[in-house]
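Colleague: I am new to this structure and would like to learn how to read a few of its features. Could you take me through them in turn?

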Amino acid sequence: MRRFALRTGLRWKVSLAIAAVSTLVAVVLSLVVHNAARVSMLDNSRTVMDERVKVAQRWYEQSRVLGFGAKLDDPHLPEQLKKEAWRGQRATYLEDSGTGTPEVWASVPLRNGKVLSVHTKFQDRFAVLNDLDRVLIIGSVAVVLGGIALGVLVGDQLSRRLRKAATAARKLAEGDSEVRVRESIGGRVRDETDDLARAVDGMAEALQQRLEAERRVTADIAHELRTPVTGLLTAAELLPPGRPTELVRDRAQAMRTLVEDVLEVARLDGFAERAELQEIAVAEFITRRVRAVAPDAAVNVVRDAHVSTDPRRLERIMGNLLANAARHGKPPFEVTVEGRILRVRDHGPGFPEELLKDGPSRFRTGSTDRAGTGHGLGLTIAAGQARVLGARLTFRNADPLMDGGEEGDEECRGAVAVLWLPESAPTNTGSFPIIEVPD
């Protein structure tokens with residue numbers, strides 16, 4: 001079962017991280033400020049009530065007048081204050097339920113044995129605390145929004161540089177040796193992205209030099225072999241008729257074909273090949289060429305199309321695909337034309353897993369049930385010629401459920417090569433259109 005993977009951009013990850021940190025800091029600071037302000041107000045309220053009860057005591061003892069709302073032997077006086085009064089102590093008491101405005105009491109014992117007390121809620125003072133809470137909430141929201149904006153700005157800059165680096169790396173992978181990641185990302189910022197870009201550029205240059213050296217060696221060897229192989233073929237023609245002569249001629253011709261294929265691969269690897277474009281009707285062209293190289297293959301035209309392409313290279317691709325099917329697959333062979341999409345299918349054991357995973361590779365002929373002959377250059381050349389045309393060549397094995405059969409149906413086995421011709425032809429500068437291949 002395929003797992004669902006949630007993919008999020010670096011910009012949003014950075015934004016969420018900064019937002020989370022900003023939220024945590026804002027909440028912690030708001031709680032600290034709120035609690036500190038509340039404790040300060042409560043302490044201040046108790047101090048004020050203590051001063052009030054002392055003034056009320058002096059007034060009462062001098063004039064027998066109760067001021068500041070003072071009461072004598074208040075029946076609602078908290079038990080803690082009664083106990084302190086029995087001990088002859090002046091005291092304050094805070095009654096805080098956690099909700100609403102706290103009630104503050106203050107009491108003092110008199111000489112006549114009575115207890116004078118004052119009681120208030122200080123609603124005006126604690127209304128200021130509610131205003132402070134609103135300010136803290138607004139400030140916290142502003143900090144979080146500012147953190148998100150900063151995260152988006154920082155993350156977007158980093159994400160943009162990484163996307164440019166990825167685009168440049170893809171161009172390098174497609175064969176554009178002139179692209180440099182460090183130049184593509186630009187900017188004056190010097191960070192880890194620059195280190196990554198320089199490392200990729202260094203790796204690309206080293207790989208390009210190695211591939212160029214390998215290509216030159218391959219081309220030089222093939223060129224050196226071309227003359228003696230041609231001489232060998234000429235000498236084989238002078239031999240007297242017979243079975244030994246046929247074997248020599250056959251092996252000499254196979255060697256010549258190999259040398260020509262190696263030279264063609266070397267030219268394709270150099271990315272110097274350019275298509276000579278002509279307007280062709282795909283169905284008519286493919287039908288005529290298939291009839292010439294593989295008369296037993298069936299051609300099915302679902303939909304015709306007119307394209308601007310290189311007929312010689314397209315013929316080379318189809319010839320290699322049909323030759324590969326004849327060598328490694330089993331009949332019947334089918335060629336399907338569906339507009340710009342060309343399919344070549346056989347009913348053999350299918351492509352090996354290595355080819356499906358990594359693509360065609362020179363001098364690798366696959367598994368023993370689909371190989372044993374050939375030198376593995378046919379599909380490599382086909383893929384290289386497709387690149388010159390700006391096309392995309394894909395490989396898969398036939399699926400009975402996708403190809404009109406039932407599960408386990410032997411008739412629906414086989415290898416399927418699909419050539420996706422582009423809607424626009426490659427330009428004279430050698431740039432190729434991007435072919436979107438559906439899953």
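Modeller: Let us start with D73, which sits in the loop between β1 and α2 (79-86), where helices (H or I, at least four residues) and strands (E, at least two) are DSSP runs numbered from the N terminus. This is a predicted model, in which local features need pLDDT of at least 70, side-chain atom pairs count only at pLDDT 80 or more, and totals for chains, interfaces and linings use all residues. Residues are numbered from 1 along each chain as its sequence is written, and side-chain values use heavy atoms, with hydrogens and water left out.

Colleague: What is the phi of D73, and is the residue buried, partly exposed or exposed?

Modeller: Most residues other than glycine have a negative phi. D73, although not a glycine, has a positive phi of about 45°, and D73 counts as partly exposed because its relative accessibility is 42% (buried means under 20% relative accessible area, exposed over 50%, partly exposed in between, with a 1.4 Å probe and protein chains only).

Colleague: Which phi does R64 have, and where is R64 placed?

Modeller: R64, also not a glycine, has a positive phi of about 55° and lies in the loop between α1 (10-63) and β1 (71-72); with a relative accessible area of 56%, R64 is exposed.

Colleague: Which residues does the cis peptide bond join?

Modeller: Most peptide bonds are trans. Here a cis peptide bond, with omega about 0°, joins P331 and P332, and P332 belongs to the loop between α8 (311-328) and β8 (334-338).
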